[in-house]
Amino acid sequence: MNCTKSTNVITLHALNLHIDENTVRVNEIDTNGDMGVTDISTDEVYDFLIIKTTKKLQDDKQYTISMNYVGILNNSDIFALYLNIYTAENATRITQQLLNGFR
């Protein structure tokens, strides 16, 4: 994730996801520094997962967010799930993209 404005709050879409809150981690990519997680909450109206970090995320830095979760892909509005596996910097990388429409 690229941070565009300094903050200690991360908001993610989490519709139909069951997230293991004990596994949520936020790390700065350059240093692998742990940003600490102080609170995790949900917004049931908008299906958001809200993560509050101990340290403030800085603008123009990149972070990874990791967590264990289970989700069911049975929504009729979902049209495609793309899985891309490639090698970069001598490591295998996997990216996933879920699309609910084409433009």
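I began with a working rule, that two strands count as paired if DSSP finds at least two bridges between them, and I kept in mind throughout that this is a predicted model.

**Entry on the sheet.** I looked up which residue of β4 stands opposite Ser-41, and found Ile-50 there. I then followed the pairing of β3 with β4, which is antiparallel and runs over 6 bridges. Stepping back, I noted an open sheet of 3 strands in the order β1-β4-β3, with antiparallel pairing. Its edge strands are β1 (7-13) and β3, each of which pairs on one side only. Neighbouring strands of this sheet are turned against each other by 20° on average, direction ignored.

**Entry on the core.** I next looked for the largest nonpolar core and found 12 residues in it, among them Cys-3, Ile-19, Val-24, Ile-51 and Tyr-63. To this core β2 (17-28) and β4 (48-57) each supply at least two residues. I took Val-24 as an example and listed its contacts, leaving aside residues up to four places away in sequence: they are Ile-19, Val-37, Ile-40, Ile-51, Ser-66 and Met-67.

**Entry on backbone angles.** I checked phi with a general rule in mind, that most residues other than glycine have a negative value. Asn-32 has a positive phi of about 60° although it is not a glycine, and I placed Asn-32 in the loop between β2 and β3 (37-43).

Technical notes. Residues numbered from 1 in each chain as written. Predicted model: local features only at pLDDT ≥ 70, side-chain atom pairs only at ≥ 80, totals over all residues. Heavy atoms only, no water. Core = buried A, V, L, I, M, F, W, Y, C linked by side-chain atoms within 4.5 Å. Buried < 20%, exposed > 50% of the residue type's maximum accessible area, 1.4 Å probe, protein only. Helix = DSSP H or I, 4+ residues; strand = E, 2+ residues; numbered from the N terminus. Contact = heavy atoms within 4.5 Å. Axes fitted to C-alpha atoms, helices over the stretch in contact; angles between N-to-C directions.
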